[in-house]
Protein chains: 2
Amino acid sequence: MVETQHTKPAPRPSMVWDAWGVPAGQQELSAQIRGLLTQVFGISGDPTPRRDEGDVPLIAGTLTDTDRAGLAAITGAEHLSTDDLARLRHAGGKSTPDLLRRREPTPQDAPDAIVCPADHTQVLELLRYCAEHGIAVVPFGGGTSVVGGVDPVRGHFRTVIALDLRRLDTLTDVDPVSGTATLGAGLTGPQAEELLGEHGLSLGHFPQSFEFASIGGFAATRSSGQASAGYGRFDDMVQRLAIATPQGTLELGRAPASAAGPDLRELFVGSEGVLGIITAVTVRVHPVPETTAYQGWSFPDFATGAAALRQVVQAGAAPTVLRLSDEAETGLNLARSADVGGAPVSGCLAITTVEGSAEHVAARSREASELLTAAGGTALGEAPARQWEHGRFAAPYLRDALLDVGVLCETLETATSWANLATLKAEVTAALTDSLGAQGTPALVMCHISHTYPTGASLYFTVVAKQLDDPLAQWRIAKSAAGDAIVAAGATITHHHAVGADHRPWMSAEVGDLGVRVLRAVKRELDPAGVLNPGKLMP
Amino acid sequence: MVETQHTKPAPRPSMVWDAWGVPAGQQELSAQIRGLLTQVFGISGDPTPRRDEGDVPLIAGTLTDTDRAGLAAITGAEHLSTDDLARLRHAGGKSTPDLLRRREPTPQDAPDAIVCPADHTQVLELLRYCAEHGIAVVPFGGGTSVVGGVDPVRGHFRTVIALDLRRLDTLTDVDPVSGTATLGAGLTGPQAEELLGEHGLSLGHFPQSFEFASIGGFAATRSSGQASAGYGRFDDMVQRLAIATPQGTLELGRAPASAAGPDLRELFVGSEGVLGIITAVTVRVHPVPETTAYQGWSFPDFATGAAALRQVVQAGAAPTVLRLSDEAETGLNLARSADVGGAPVSGCLAITTVEGSAEHVAARSREASELLTAAGGTALGEAPARQWEHGRFAAPYLRDALLDVGVLCETLETATSWANLATLKAEVTAALTDSLGAQGTPALVMCHISHTYPTGASLYFTVVAKQLDDPLAQWRIAKSAAGDAIVAAGATITHHHAVGADHRPWMSAEVGDLGVRVLRAVKRELDPAGVLNPGKLMP
């Protein structure tokens with residue numbers, strides 16, 4: 001094991017308060033898309049200008065001088081902020097409802113203070129202080145939640161702080177032989193890759209939120225990256241967790257696998273800051289791949305494509321990235337792209353990449369290609385896969401540009417068995433189109449498979465419609481219909497977005513009333529005061 | 001999905017009370033082994049005859065007439081037994097200490113009654129009855145525990161029953177498209193394979209206990225089978241669980257993967273009957289393999305072999321079975337075998353098998369063989385692998401024959417990272433040889449790797465020494481030293497044998513005091529009366 005020096009990663013950017021990402025990433029809608037919007041939704045395509053951060057009214061903070069002194073005594077005064085700008089930038093996550101709320105003229109809610117601990121010990125001390133003094137604590141990683149997971153909910157407490165983990169940014173215990181490394185919870189995706197890259201290693205976890213989301217957030221929300229077919233979900237990568245709770249520290253995970261009772265790691269992976277705060281994660285890593293093979297595929301229809309993906313995964317021949325867009329998404333991708341060499345004009349587009357040593361890439365590409373071809377796929381060459389990779393973190397910026405011109409755009413996701421996939425897709429699509437159509441706003445619903453398992457797959461839906469006067473209420477109705485349809489179809493209410501505030505209505509359906517009681521019992525044991533992330537996860 | 005008719009599996013044999021397995025499996029020691037025992041330990045090799053079941057004195061049962069009537073009202077009187085023979089056959093598991101206790105002349109402890117519910121509803125009713133009337137409940141699957149997991153411990157209750165799940169033997173909800181099926185908890189390994197085989201499917205879970213252990217037991221103890229490199233541990237196979245608790249039913253698992261909070265399945269997988277009783281498990285299955293490629297390998301030493309296994313797993317090219325014996329085990333295997341074609345006379349023997357379609361077997365065998373060869377392995381042909389497969393369930397019978405002639409023989413296992421593997425092996429070997437040697441009984445310690453992961457592997461130790469007058473005390477000292485060495489080396493106290501009664505002293509080291517508090521909080525919620533499997537798992 002290499003005990004690393006603490007190399008500082010490059011500084012992490014803060015996201016703008018009312019949209020995704022950084023200013024440099026902002027997109028203007030192309031003429032093609034504007035034309036499409038006019039044609040389909042009758043929308044002119046002229047954006048409403050956003051407000052300057054300085055012009056936004058904020059609800060006044062409630063941190064008392066006593067609590068300010070008590071918290072600052074732990075972190076140092078320079079790591080506690082009650083500035084309006086800091087509060088605004090910790091006002092919540094990036095769901096479409098979040099972004100729509102930020103466009104409202106009424107004063108914005110925000111945490112009363114932002115506290116940035118230096119290490120695990122300070123997190124522990126902060127939690128003890130907050131439990132004792134009745135201060136709600138919202139753990140804040142990258143702030144990329146799309147389910148209300150970092151909303152500044154006070155519960156029955158007077159004060160709520162955002163506990164920003166950005167200073168927990170160390171890489172330690174690099175073990176290149178075993179392929180493990182311990183990452184501070186506050187490292188973002190790019191920071192983690194940067195520090196690991198200095199050792200020739202990579203995590204390989206690339207969710208759409210990669211550029212801003214944090215290691216702690218990946219663990220706390222059961223994130224799944226675009227290379228999950230090759231490297232697994234983030235929960236598969238977790239070897240060991242350090243967790244701070246008001247009752248003390250948990251260190252879980254002593255081996256790659258164990259039969260020593262229930263796997264308590266799995267209680268805290270996905271716990272969304274409600275049971276404790278993850279401060280460090282020992283993850284499985286791998287050498288930076290020697291080479292990557294890219295391939296685009298065309299399938300005549302979604303059912304044929306899905307069956308092909310299933311066969312390749314069930315044969316144990318999964319590529320590193322394996323995804324399939326349905327007809328609608330394939331068509332729109334084509335419309336959006338100036339030039340997609342070789343992409344299909346009809347049918348469904350699939351993308352594969354295979355990473356690793358030259359020998360592994362050759363062997364796996366051959367095996368996967370033979371299976372996909374036999375299952376009805378036509379190889380399209382590298383271009384579609386390279387183009388997908390190039391633009392893969394840009395979709396949230398496109399959503400902002402659409403919201404700005406009065407288009408409602410949101411995503412939701414689920415997973416089920418292969419046998420149930422077509423039914424689930426049809427039911428959720430119908431729930432979305434029916435509920436939006438009934439409000440007078442016909443919707444375009446697109447879907448893709450981006451995470452595959454031997455027994456089933458995820459479905460990721462993108463919904464686009466014209467905004468009504470109250471788009472929050474408009475979307476609430478559609479989201480509710482989709483959630484009910486997912487539960488009725490026997491699927492999971494979320495495959496990788498987590499529960500947060502938005503999926504709580506369905507948690508009892510997901511784990512049953514007795515399952516909820518189990519979660520509450522664990523919460524009572526670790527957080528008897530109930531200060532940890534109120535209003536999230538538990539119904 | 002195919003709603004199956006209830007096809008009855010072939011009847012399951014009961015194991016003999018004081019040894020492993022069925023009478024037909026009993027082994028006599030070969031002349032070679034007898035010679036070895038005389039040479040190394042000075043043991044003559046003449047067995048002490050075992051007692052007839054009818055001659056064994058039993059502690060009198062304590063079931064009251066009221067409780068008999070109350071329990072029988074749920075299952076029917078014919079499914080409740082207080083016969084001495086039934087009690088004897090449910091007197092505990094099959095660890096070496098268990099078997100040594102059965103050789104003692106004092107009256108044997110046993111559950112006061114054996115109750116066989118027909119289905120989940122009856123299990124639920126029995127648990128409610130027992131919680132209300134203060135009766136301890138030991139869930140009993142195949143009775144193969146080697147860690148005291150089914151010992152008839154009363155705790156502070158007057159009465160203890162064995163809740164034998166053998167009648168929960170249905171296969172339902174076969175889904176060949178998704179590759180899933182729901183198995184009753186009481187099906188044994190062969191019964192499950194038999195019923196799945198009628199649909200052309202296989203579970204592929206082959207632990208050494210396969211012939212007698214049950215599906216519910218596999219889940220409740222985090223079992224790991226010999227094909228774990230290909231099909232994963234049993235916990236990886238679990239898609240959905242039905243669990244009966246005194247507080248009601250839990251049904252957990254709605255998709256192949258989910259981000260809907262903590263994975264509560266992982267609280268009950270490995271819960272060893274302490275939090276609830278698993279009544280049905282929906283598992284991942286696969287088509288019966290078209291073909292299997294067998295290959296034996298020789299490595300010059302254990303370190304070279306371990307590095308080779310590591311490289312093949314980290315490259316994503318793992319065979320279905322992948323194991324490596326150390327020099328001592330390789331030598332003894334050779335001594336035991338009349339004819340191992342091509343096996344090495346020195347160095348370390350490894351075994352690989354690759355299962356699947358002809359194309360997959362060809363591709364994976366080629367990739368794995370190239371990596372193993374490049375890492376210093378010499379291919380030995382099929383014979384060693386076929387011979388290993390032929391004899392792979394026989395070792396426990398050999399242990400019985402050794403115990404009968406006055407040899408102490410036991411196994412224990414652990415897991416750690418690849419980087420820590422050599423240290424762990426050395427420390428555990430030293431702890432065993434030193435603690436037994438200090439008692440005047442030099443020990444032979446053998447070891448193999450049988451379960452591999454990208455980040456590490458298991459180590460499985462077999463210990464052989466001459467029995468002292470009090471072999472139970474003799475082994476207790478050695479086991480304690482080995483457990484302490486495992487904890488000190490930072491490894492897990494058990495990779496697949498589970499905690500039971502025997503590993504409880506190290507549970508606080510494994511999950512920490514706060515982790516134990518979490519487990520206790522869950523237990524209080526689901527089993528407030530504390531009737532479920534007292535004295536197991538929790539320290």
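This is a predicted model: local features need pLDDT of at least 70, side-chain atom pairs count only at pLDDT 80 or more; totals for chains, interfaces and linings use all residues.
Asp527(A) is buried at 2% relative accessibility, and Lys523(A) is buried at 15%, where buried means under 20% relative accessible area, exposed over 50% and partly exposed in between (1.4 Å probe, protein chains only). Residues are numbered from 1 along each chain as its sequence is written, while chains are lettered from A and ligands numbered from 1 in the order in which they are written. Local features need pLDDT of at least 70, side-chain atom pairs count only at pLDDT 80 or more, totals for chains, interfaces and linings use all residues, and side-chain values use heavy atoms, with hydrogens and water left out.

Over all chains, the count comes to 44 salt bridges. One of them joins Arg154(B) and Asp112(B), at 2.6 Å from N to O. Arg154(B) lies in the loop between β3 (135-140) and β4 (159-164) of chain B, and Asp112(B) in the loop between α4 (96-102) and β2 (113-115) of chain B, so the pair ties together parts that are 42 residues apart in sequence. Helices (H or I, at least four residues) and strands (E, at least two) are DSSP runs, numbered from the N terminus. Arg154(B) counts as buried at 18% relative accessibility, and Asp112(B) is buried at 1%. A further salt bridge links Asp235(B) to Arg233(B), with the closest N and O atoms 3.1 Å apart, and both residues are buried. In chain A, salt bridges that share partners join Arg222(A), Arg233(A), Asp235(A) and Glu266(A) into one network.

Chain A can be laid on chain B by a turn of 180° and a shift of 0.0 Å along the axis, with an RMSD of 0.0 Å, after least-squares superposition on the C-alpha atoms of residues with pLDDT of at least 70 in both copies. This is the relation of a two-fold axis. In the interface, 80 residues of chain A are in contact (heavy atoms within 4.5 Å) with 80 residues of chain B. Of the interface residues of chain A, 100% are also interface residues in chain B, so the copies meet through the same surface. The area buried between the chains is about 5,900 Å², of which carbon and sulfur atoms give 59%; this is the accessible area (1.4 Å probe) that two parts lose on being put together, summed over both.

Four salt bridges are counted between chain A and chain B. The side chains of Glu525(A) and Arg517(B) meet in a salt bridge of 2.9 Å, N to O. Helix α18 (residues 507-526) of chain A contributes 14 residues, the largest share of the side of chain A that touches chain B. In chain B, helix α18 (residues 507-526) holds Val511(B), which is buried at 7% relative accessibility. Leaving aside neighbours within four places in sequence, Val511(B) is in contact with Leu250(A), Leu252(A), Leu264(A) and Val516(B).

In helix α14 (residues 383-390) of chain B, Pro384(B), Ala385(B) and Trp388(B) are buried. Seen down the axis of α14(B), the buried residues fall within an arc of 100°, so they line one face of the helix; the arc is that of the directions from the helix axis to the C-beta atoms. The cover over these residues includes β12 (291-299), β13 (321-325), β14 (348-356) and β15 (378-381) of chain B.
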